Amino acid sequence: MPFFVRYRARQNYLRNSPRCPPQHFYSEHIMKNPFTAAIAASKSTGIEVIEAEGLIKWQGDLGGNVKPDGPLRGKRIGVIIASEFSDFQVYYLASYIGEMGGICDFLLVDWVTWKNTRPNVPGKGVRGMWDLGVDPIPVMGGNKNQHWTCLKDAKVADYDVLIIPGGHSADVMVTEPDVINFVEQAHATDVILATIGAGSMPLIRAGAMHGKRCTGDRAVKFMLQKIARFEEVPVVVDGDLLTARSTADTPALLRALCALVDTEYEDDWKNALKGKRVLIPATDDFEDIELVVPVMELLYRGAEVIIGHFEAELRARPGLLGSETITGNFGVTIPFQEIPDSFYTYKPLNDVRMSDFDVLVITGAFNPWNMVMTGQADWLQEANTAGKILSAICHGPIPLAEAGLVSGRHLTGWEASRDSVEIMGGSFDCNEAAALVDGRIVTGRTPAEIPEFIDAISVALLRE
């Protein structure tokens, strides 16, 4: 049950309880509304969130870095991947394992070269299905993504948790004796094992799935129905084994892991944004991680997501000319390859009405440049006049500046946004601020600060 829903339940109890004096019910120190509860939830991992002079600011050295008070604090988590892993799942795990306090270590099955659908790049390790590399993840700063090693050099005893993502990489590694031996050693100890989708293939080979309650995608379902107790649900926990059905269930898997590791953990964000509507304008060369991870987390928090696509000034992949498919800097396409279209709405931006959304999210890379070049300023001004929350990360403040919406406002973002913001009368802080809420303008710094940015959006929505 979300943090603020529990407080509301307690509020109703106190209102109706004859043993509780009325003044207790009205005490702001006892009762919290969704907005203050969201602030508390954001602070709970250890980052400093201050409210001063009309601003809400996520600040300090922990912005974009591993959080000291998260439920996975002190835990070493190995993510085992071979080529053709799920980019979506790995983007999310890299963003949120550290946010929950864990140390994410990518264990690379990098000696297999026969299953590279793209030309192998010497020295670049493994590549995801949409061409993501993890050594480190491009554009991601902070210290969440600073650990990677060849699985052959890793020791099971160094890890508290092992996660095998889905995609096609499990098929690549299932025939590798070094991988199966590693999984067998982990299964024989108290290491927690977790998988997503088809990631259970090596666990099946190692005998770790037999007789277990579990879930998974269609690639493994027929096997698991024979050897295990398969359930068609998002996430299943059976002792020290956690399984998730699909990519969209990755956030739920990570929360289940938190609850398993920390028995006092309570999920504050599940469905916290139910009834809220998010619009993400997108065109070619968007920042993949800044779109994929927010979509997955916002869906987990219960928001409705609309991707409003528009024609780019320039398209980096001319083969897609005339198609409504748009492609990010690192190969992710929309419509999404890994999230069914039943989870979100994909429509032309011109068909989106102001009444369709509560918050606008502008992602970075060259998406903002295309917004400026295709003349979105009038549209942004209309959204502002309609009272919408306008949020942006990385290069995202640039179109807000071009639309004349930053004067007198405090914003953060990537350093490349500074001139646009300051010339148009805004204050720019990318040194201290991981995320900022200034009225109905919400900004996040860079890909490393996506979790703070999503919290800031949530706080702004729950304040409305």
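Asn370 is buried, with a relative accessible area of 1%; buried denotes under 20% relative accessible area, exposed over 50% and partly exposed in between, with a 1.4 Å probe and protein chains only. This residue lies in helix α11 (residues 367-373), where helices (H or I, at least four residues) and strands (E, at least two) are DSSP runs numbered from the N terminus. Not counting residues up to four places away in sequence, Asn370 touches Thr283, Asp284, Phe310, Ala312, Glu313 and Leu314, a contact being heavy atoms within 4.5 Å.

## Basis of the model

The model is predicted, and local features need pLDDT of at least 70, side-chain atom pairs count only at pLDDT 80 or more, and totals for chains, interfaces and linings use all residues. Residues are numbered from 1 along each chain as its sequence is written, and side-chain values use heavy atoms, with hydrogens and water left out.

## Overall composition

The secondary structure of the protein chain comprises 15 helices and 22 strands. Of its 464 residues, 57% count as buried. Among contacts in the protein chain with a separation of 6 or more, 70% are between residues 24 or more positions apart.

## Nonpolar cores

The largest nonpolar core has 85 residues, and Trp58, Ile307 and Phe336 touch the most other members. Such a core is a set of buried Ala, Val, Leu, Ile, Met, Phe, Trp, Tyr and Cys residues joined through side-chain atoms within 4.5 Å. Helix α15 (residues 450-463) gives the most to this core, with nine residues. A second, separate core of 35 residues includes Ile80, Leu162, Ile164 and Ile180.

Leaving aside neighbours within four places in sequence, the contacts of Ile307 include Ile280, Ala282, Leu291, Val295, Ile334 and Phe336. Ile307 in β13 stands opposite Ile280. Strand β13 (residues 304-309) is mostly covered, with five of its six residues buried. Strand β12 (residues 277-282) and β13 pair in the parallel sense over six bridges; two strands pair if DSSP finds at least two bridges between them.

## The seven-stranded sheet

An open sheet of seven strands has the order β5-β4-β3-β6-β7-β11-β10, with mixed pairing. Its edge strands are β5 (148-150) and β10 (235-238), each pairing on one side only. On average, neighbouring strands of this sheet are turned by 20° against each other, direction ignored; axes are lines fitted to C-alpha atoms, for helices over the stretch in contact, and angles run from 0 to 180 degrees between N-to-C directions. Strands β3 (residues 76-82) and β4 (residues 103-109) run parallel and are joined by seven bridges. Ala82 has Val109 in β4 as its bridge partner.

Helix α6 (residues 177-187) packs on the sheet, touching β3, β4, β6 (161-164) and β7 (192-196), and its direction makes about 140° with that of β6. Helix α9 (residues 250-261) also packs on the sheet, touching β3, β6, β7, β10 and β11 (241-244), and its direction makes about 170° with that of β7.

Helix α9 has 12 residues and reaches 17 Å from its first C-alpha to its last, close to the 16 Å expected at 1.5 Å a residue; the expected span is 1.5 Å times one less than the number of residues. Its buried residues include Leu253, Leu254, Arg255 and Cys258.

Helix α4 (residues 87-99) has 13 residues and reaches 19 Å, close to the 18 Å expected. Because 13 of the 13 residues of α4 are buried, this helix is largely enclosed by the rest of the structure. Gly101, whose phi is positive, near 100°, follows α4.

Val49 is placed in strand β1 (residues 48-52) and counts as buried at 6% relative accessibility. Leaving aside neighbours within four places in sequence, Val49 is in contact with Ile39, Ser42, Lys43, Ile56, Lys57 and Trp58. Val49 and Ala456 are 407 residues apart in sequence, yet 9.9 Å apart in space, C-alpha to C-alpha.

Gln59 lies in strand β2 (residues 55-59) and counts as buried at 14% relative accessibility. Not counting residues up to four places away in sequence, Gln59 touches Ile47, Glu48, Ile50 and Glu432.
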